[in-house]
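Below is a briefing on the structure shown here.

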Amino acid sequence: METVILMLGWVGVFAPVALGVIGSTIGCSRAGMSACGAMLDTESGYGKFVGISAMPSTQAVLGIVVMFTLNREINTLNAPGIFGVGILTGIALMLSAIHQGNSVASAINASKNKPEIFGLSIAPAAIVEGFAVFVFVFALVVSGAIPQ
Amino acid sequence: MNSDQYITLMSALPSLGKTYHVDIPPISRFQLEKRLNLLTEEHQALLSDIESVLHWDHLNSHYDDSELIQSATLVLEQLTHKHYDTLREMILWRLNLRTILAGLRYRQRGDELNHQQSHWGVGDMEAHIETYWQHPYFNLQSRFHWIASVQESLQKNDTMQVERILFDVTWQYLQRCSSQHYFDFTAVVTYVLRWNLVSRWSSYDADKGVEHFQSLMAFALGEYQQLSMGIVVDQNGDSK
């Protein structure tokens with residue numbers, strides 16, 4: 001039983017980075033596909049399409065920081081807390097990266113046809129990014145209360 | 001093709017704008033076909049089947065109604081089987097529109113429905129129209145608000161206005177459908193159907209229309225055309 005608890009503790013440590021990277025991979029690939037499609041249909045503005053298609057990569061970076069914060073000597077006292085914080089942070093980062101990828105894909109599709117709305121069209125993706133930052137900040141706050 | 005790959009395809013297609021009243025479509029058929037090559041072979045075949053069921057301009061004068069009805073039924077069955085419910089609904093709506101129009105034209109011409117014939121329309125409106133044959137709008141005016149204006153234009157023999165109303169109604173319907181689908185096969189089909197409307201409208205040409213009408217007349221008259229021409233010549237007294 002103790003081994004299982006310790007294992008869950010390690011899962012919690014690594015979950016933010018693993019799930020964050022999965023989400024960022026899916027999000028960036030979706031946004032990148034949209035950028036590639038838009039480049040077929042436009043004669044300029046390729047740089048900005050490729051630039052914003054990298055937006056969902058933030059979640060992977062946030063996951064790495066949370067992992068370093070949670071990383072400590074795992075014991076039966078702190079493992080449940082680390083597992084809870086780590087897995088939930090990871091899931092939240094993963095979903096936000098995937099949906100940010102969808103938002104970016106739509107933004108590229110819309111701004112390709114109407115370049116003047118480029119700034120506004122990335123606002124939904126920025127809002128999704130804001131939610132990922134909430135999770136990140138509060139994961140750091142809560143992890144401070146987990147016993148060393 | 002997984003759903004993610006539709007993102008590339010849909011992003012590669014230019015916007016069709018808010019109306020079909022344009023001089024030139026934003027993308028040529030050749031370029032559109034090139035982009036549609038991103039679809040899997042299965043989806044390309046399905047799209048081609050859908051187009052052939054909805055666009056009858058490729059049909060020659062020897063086509064048989066029953067073949068058309070059969071192929072429409074097959075496409076609808078395929079869509080049901082593959083769970084493309086929105087797409088099925090969309091195709092059925094277009095087919096019903098044709099059936100209602102056919103009913104209105106039959107009735108205006110004073111024809112009675114031939115009950116011996118198994119089917120005279122496509123879609124699921126046929127039985128309903130037969131039941132309400134005597135009703136001014138086949139009792140469908142609440143579901144299809146455009147029936148009254150189409151009926152009125154038909155009575156005035158204003159076929160151009162009928163075409164315009166049907167284009168408007170279809171465009172609005174497809175716009176509504178496209179606002180619910182962004183990156184999937186339904187979105188691709190909706191785009192192609194909207195493109196077809198734009199392309200057809202922009203290709204309308206009075207001179208070509210007259211030419212096409214004359215060729216159809218020549219085909220319909222067949223050998224009698226020579227006879228009628230002979231009578232004209234006799235009356236003028238030029239040749240005999």
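**Surroundings of His43(B)**

His43(B) is in contact (heavy atoms within 4.5 Å) with Tyr6(B), Tyr84(B) and Phe185(B), leaving aside its neighbours within four places in sequence. The model is predicted: local features need pLDDT of at least 70 and side-chain atom pairs count only at pLDDT 80 or more, while totals for chains, interfaces and linings use all residues. Residues are numbered from 1 along each chain as its sequence is written, chains are lettered from A and ligands numbered from 1 in the order in which they are written, and side-chain values use heavy atoms, with hydrogens and water left out.

**Histidines of chain B**

- His43(B) belongs to helix α3 (residues 41–54) of chain B; helices (H or I, at least four residues) and strands (E, at least two) are DSSP runs, numbered from the N terminus.
- His43(B) counts as buried because its relative accessibility is 7%, where buried means under 20% relative accessible area, exposed over 50% and partly exposed in between (1.4 Å probe, protein chains only).
- His135(B) sits in the loop between α6 (126–131) and α7 (147–155) of chain B.
- His135(B) has a relative accessibility of 26%, so this residue counts as partly exposed.
- Arg107(B) and Gln141(B) are in contact with His135(B), leaving aside its neighbours within four places in sequence.

**Chain A overall**

- Chain A contains six helices and zero strands, in the order α-α-α-α-α-α from the N terminus on.
- Along the principal axes, the C-alpha atoms of chain A fill a box of roughly 60 × 25 × 15 Å.
- Of the 148 residues in chain A, 44% are buried.
- Among contacts in chain A with a separation of 6 or more, 85% are between residues 24 or more positions apart.

**Gly20(A)**

- Gly20(A) is part of helix α1 (residues 2–41) of chain A.
- Gly20(A) counts as buried because its relative accessibility is 0%.
- Gly20(A) and Met94(A) are 74 residues apart in sequence, yet their C-alpha atoms are 4.7 Å apart in space.
- Not counting residues up to four places away in sequence, Gly20(A) touches Ala15(A), Gln59(A), Ala60(A), Gly90(A) and Leu93(A).

- Lys112(A) lies in helix α4 (residues 79–113) of chain A.
- Lys112(A) is buried because its relative accessible area is 7%.
- Not counting residues up to four places away in sequence, Lys112(A) touches residues of both chains, including Ala38(A), Asp41(A), Phe49(A), Met10(B), Ser11(B) and Pro14(B).
- The contact between the chains involves 13 residues from chain A and twelve residues from chain B.
- Between them, the two chains bury about 1100 Å², 56% of it on carbon and sulfur atoms; buried area is the accessible area (1.4 Å probe) that two parts lose on being put together, summed over both.
- Asp4(B), Ile7(B) and Ser11(B) supply 41% of the area that chain B buries against chain A, more than any other three residues.
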